[in-house]
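User: Could you take me through the structure shown here?
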Amino acid sequence: MLIAALRDLQWRKRRFVIAIVGTGLVFAMTLVLTGLANGFGVEANRTVDTLGLQTYLVKTGAPGPFLGSSPFPPTEVQQVSRLPGVQVAVPLVYGSATMPDRGSARNVNVFGAPERGPGMPVMSGGRPPSAPDEVAVSSTMRKAVGDRIEIGSRTLNIVGIVHDSTALAGQPNIFLTVAGAQQLLFSGQQLISSIGVRGVPAQPPNGYRVVDRAGAVEDLSRALNGARQAMTLMAGLLWVVAALIVGSMIYVSALERTRDFAVFKAVGVPTRSILGGLATQAVIVALLAALLGAGLSVLLGPLFPMRVDIPRLAFISLPVLAVGIGLLASVAGLRRAVTVDPALAFGGP
Amino acid sequence: MADLRIKDLVVEYAKGEYRVRPIDGLSLDVSEGSLAILLGPSGCGKTTLLSCLGGILSPSAGRIEFGDIDLTRLDERELSHYRRNTVGIVFQAFNLVSSLTALENVMIPLRAARVPRREARRRAEELLDRVGLAHRMGHRPGDLSGGQQQRVAVARAIALDPPLILADEPTAHLDYIQVEEVLRLIRELASGERVVVVATHDTRMLPLADRVVELMPHIAYTEHEPDTVELQAGETLFEQGTMGDCIYVVSEGELKIVRELASGGEEVLKVAGPGDYFGEMGPVFGLPRSATVRALTAATVVGYTVQAFREKLGATGSREIVEHRPLSGEPAPGREPD
């Protein structure tokens, strides 16, 4: 009874449109939340990748080279560079600083690495910093080469731009020389956060442990784990809300069409055809809502102050999940349709 | 031969907390090519019988045979097939699907029978043309008059050319002009080998019929002297669902008035003692008895015709009887004397 299902969609189009818009908004919010949660990982991955290092040596007991780092003197860097399996070893500094930004303060992630060594990302404009008062900043700060920024009590000259480099929910990354970062973060003390390594040391020196790329990414996004879990939970709840919207609409539709179903059954339409029609309605609503949700999420994403990086898989799986949700949601309506007694068709108006 | 044969049909079902038996032991034969009218007031079981004939309701006992099909032996799947291919139903109040056009409504049974879309459309157009609605095919039921809707319903009922057509109150909700259209159409249906069964309380349809079946036979009451009945304890005076012409006044003993419950038991409505009367509604309105009366102790009751009871009650109309006014000089049951 596809024709009856489609005609009913037309007949009650206002209600179906409202359901599609409502469910579409919910799907859009789900996608945006998924994009936000995914964005945390994406920017951590990108930041780590731009450093061009394979492993990191940190003090035993320190969780990682970034947020979990425990500063130590760079005395072991030369020794590490001679370890079997190590091609290059460089001192790395990491920390967080605050800079004024249009009347308020803004957090930035400070990275210190040798000018020409690994650890310094490729510049999309200008050149890498070579002096302690020079800095390369993320393009997301909307600064230009030649501009100056104040961080703490220091004024730094922007000499390079790194394309779209952020971490920790959209905070821009800035890159200095090791000495520049030490002056900014450690008051000039000769301390580093980790030893960046190209290659994999066969055996780390005593008191150190090796952190691989995945461990570094995990360390850089650890602070956001709670937020990511909350967003994943919210996204799950939104799937339920979407199912309830579609389900309630199909159920109300089934209630209103009780007489129609009774007539269908009385004239010999198999119950499975009636159920097929109802399920088709649920699937159509869910698919249209998924399409609308995908479009809205693309429009809404850039409005968020954080990176919204919706995985392609989410766009692909949304219609599949939407169909699943539509069918699941229509169960109550389907059960209602199954129980309709064809004898009802004999009733008066 | 596709005659319709009904033998000792009993339909009993629960309605609310009580059990009702709208059809009790009905037997009926309708020959092919004829139109039978089931006549009776509301609640007499017309629609129930149509539901049974349409394979929608299973009777409690008895047999329904149409040609070589014994409906009472069909399982759910076979009943669905029977409904689709053997029966066409014209429902009371048309029961067209509001979201579908007239054409699409007629196509429903055709598509359910897996007739290809194009063929179903051609057949539906042909049928609507036949019932004079070629110009209204694309209209939804809400845009059609009552008579037009009923004609669409007739076209839907005959879409698969079923040998049995059932029509439930086909003239209800129609004005006299629309009734004329529908009467003509229904008469035309009963041709060839087709059997048409129409349930109605509209006596204007009677001239159409080859056979009229009164589901609630009119009892010709005759005046007679009061009838004294003596009952032993446990003996039944009358049973629920039967017809009767007497209103009973208790002279001696006690009788209980009970109604059958859906759960299988009985609910005692009242215990009648000397001076009480009961059983007045059935004879006054020509309805079946709505309860069973059984003697609790040895009892004597006197049965009066309605007219004789009116005279005894001292009333001229039925109002006093319906309101169960106490007999003069006797206390009302459960009440203080006025």
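This is a predicted model: local features need pLDDT of at least 70, side-chain atom pairs count only at pLDDT 80 or more; totals for chains, interfaces and linings use all residues.

User: Which domains is chain A divided into?
Analyst: Chain A has domain 1, made up of 2–42 + 226–346, and domain 2, covering 55–199.

User: What separates the centres of domain 1 of chain A and domain 2 of chain A?
Analyst: Taken over C-alpha atoms, the two centres are 48 Å apart.

User: Moving to chain B, in what sense do strand 10 and strand 17 pair?
Analyst: Strand 10 (residues 227–231) of chain B is antiparallel to strand 17 (residues 299–304) of chain B, with five bridges between them. Within this pairing, B:Glu230 is opposite B:Thr300.

User: And how many bridges join strand 12 to strand 17 of chain B?
Analyst: Five bridges link strand 12 (residues 247–252) of chain B to strand 17 of chain B, again in an antiparallel arrangement. There, B:Ile247 has B:Tyr304 as its bridge partner.

User: Now the backbone: what is the phi of A:Asp164, and where does the residue lie?
Analyst: A:Asp164 is not a glycine, yet its phi is positive, at about 45°. The residue sits in the loop between strand 7 (154–162) and strand 8 (166–167) of chain A. A:Asp164 is partly exposed, because 14 other C-beta atoms lie within 10 Å.

User: What about B:Asp8, is that residue buried or exposed?
Analyst: B:Asp8 is exposed, because it has 12 C-beta neighbours inside 10 Å and the cut-off for exposed is 12 or fewer. B:Asp8 belongs to strand 1 (residues 4–15) of chain B, and, although not a glycine, has a positive phi of about 50°.

Notes:
Residues are numbered from 1 along each chain as its sequence is written. Chains are lettered from A and ligands numbered from 1 in the order in which they are written. Domain bounds come from an automatic or database domain assignment. Two strands pair if DSSP finds at least two bridges between them. Helices (H or I, at least four residues) and strands (E, at least two) are DSSP runs, numbered from the N terminus. A residue is buried if 20 or more other C-beta atoms lie within 10 Å of its own, exposed if 12 or fewer, and partly exposed in between; C-beta atoms are placed from the backbone.
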